[in-house]
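Thanks for asking me to look over this one. Here are my notes, point by point, with the sequence and model just below.

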Amino acid sequence: MSKYNPDNWPIACPMLVFGGLDSKGGPIQDADASEWHAQMKEVADLGFTELDPLDVWVRVGDLSPQRLDEFKQALADTGLTVPGISTSRKSVVDARRGDEYLAYGHRVIDAAVSLGAEVVSFGFFQATTPAQNAAVWFWLAQGHKDSADPAIYELAVDRIRELAVHAESVGIQITLEMYEDTYLGSSDGCVKFVTDVNHPACGLNPDLGNLVRLHRPLEPVTEAFEKMLPYTNYWHIKNYTRDFDPATGAYATHPAPLPGGYVNYRPIIARALELGFEMPFMVEHYGSDSLWNLAQSREYIRSVLRAKMA
């Protein structure tokens, strides 16, 4: 029997939807706790009971003990919890800042324990390029590609294993986010990397939406999830419409709520449950009214869980 039921399964809202600024245009990281509270309340008012701070918003690993206590108080006041914490564009093998990001990863793990999170998500995607920043959607321009140097790959494995050892020692897990052109850029790459890390506290975040949105060929969705779901311990879940014109070679993709996109998540979530998945989701959406779309996606997941756990 799962430790969760359809109504209390943790489905987190990613706070990146608010960006990194407070109401006065200053960094939300350094804002008064009332600013955190206001944004958390907006999330709670849409029916969320969980959030993922995702460090595009607040870097909880960089908060002082006093500020972390203020953060926890804002959570308590708004009735929200933190089941998972995601890092973004802080690769532990970044050529310039990898050492810094590794140390940061350790701090996030410690903050996760303080906040009661089950898992911390890491990835190898790096800072967006000027071309990506200028694009309508950043994923339509070419971004970072991980090195083919075997020594860099081994360094990545070693550093992720180091984080997994730390996580296990404090009773939580880490997860690895699927992302194009990185060591986690395909289902096979994800499985190879997590098995090379070979640590029980390290699993996969099968965020296939990062690939569905690209204007390039896509591996078969069902096959990709079948490979990754046995290792899944956190799930950034999102959807996009996707079209391809073979006459011109043109693709078209656009963000969509979970039930309205290219991926049919109903059988995939059901398969995850069959394989024993019982970790948090984090719903994602870009563009338009992201918060409203995220709330719809949350309710879709709950409806699927009700049907499949009955």
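1. Ground rules. This is a predicted model, in which local features need pLDDT of at least 70 and side-chain atom pairs count only at pLDDT 80 or more, while totals for chains, interfaces and linings use all residues. Residues are numbered from 1 along each chain as its sequence is written, and side-chain values use heavy atoms, with hydrogens and water left out.

2. Length of helix H1. Helices (H or I, at least four residues) and strands (E, at least two) are DSSP runs, numbered from the N terminus. H1 covers residues 33-45, 13 residues in total, and at 1.5 Å a residue should span 18 Å; the expected span is 1.5 Å times one less than the number of residues. The end C-alpha atoms are 18 Å apart, which agrees.

3. The buried face of H1. Buried means under 20% relative accessible area, exposed over 50%, and partly exposed in between (1.4 Å probe, protein chains only). Ala 33, Glu 35, Trp 36, Gln 39, Met 40 and Val 43 of H1 are buried. Seen down the helix axis, these residues fall within an arc of 160 degrees, so they line one face of H1; the arc is that of the directions from the axis to the C-beta atoms. They pack against strands E1 (11-14) and E2 (51-52) and against helices H2 (65-78) and H10 (290-308), where contact means heavy atoms within 4.5 Å. Just after H1, Gly 47 takes a positive phi of about 95 degrees.

4. On a 1 Å grid over the protein atoms alone, a cavity is a set of points where a 1.4 Å probe fits but cannot get out, and a pocket is an open set with protein on both sides within 12 Å along at least five of seven lines; lining residues have an atom within 4 Å of a point. Grid points are joined across faces, edges and corners, and a volume is the space filled by probe spheres set on the points. The count comes to 1 cavity of 30 Å³ or more, and the largest cavity holds about 70 Å³. Its lining includes Arg 89, Phe 125, Gln 132, His 144 and Asp 181.

5. The open space. The largest pocket holds about 330 Å³. Of its 23 lining residues, Leu 16, Val 56, Ser 88, Phe 138 and Tyr 286 are the closest to its centre.

6. Gln 132, one of the lining residues, is found in helix H4 (residues 130-134) and is buried, with a relative accessible area of 4%. Gln 132 lies 10 residues from Gln 142 in sequence and 6.9 Å away in space, C-alpha to C-alpha. Asp 181, also in the lining, sits in the loop between strand E5 (173-177) and helix H6 (187-197). Asp 181 is partly exposed at 22%, and has a positive phi of about 65 degrees although it is not a glycine.

7. Two serines in loops. Is Ser 91 buried or exposed? At 0% relative accessibility, Ser 91 counts as buried, and its place is in the loop between strand E3 (84-86) and helix H3 (98-115). Beyond its neighbours within four places in sequence, Ser 91 is in contact with residues including Tyr 101, Phe 124 and Gln 126. Ser 288, in the loop between strand E10 (281-283) and H10, is exposed at 66% and has a positive phi near 50 degrees.
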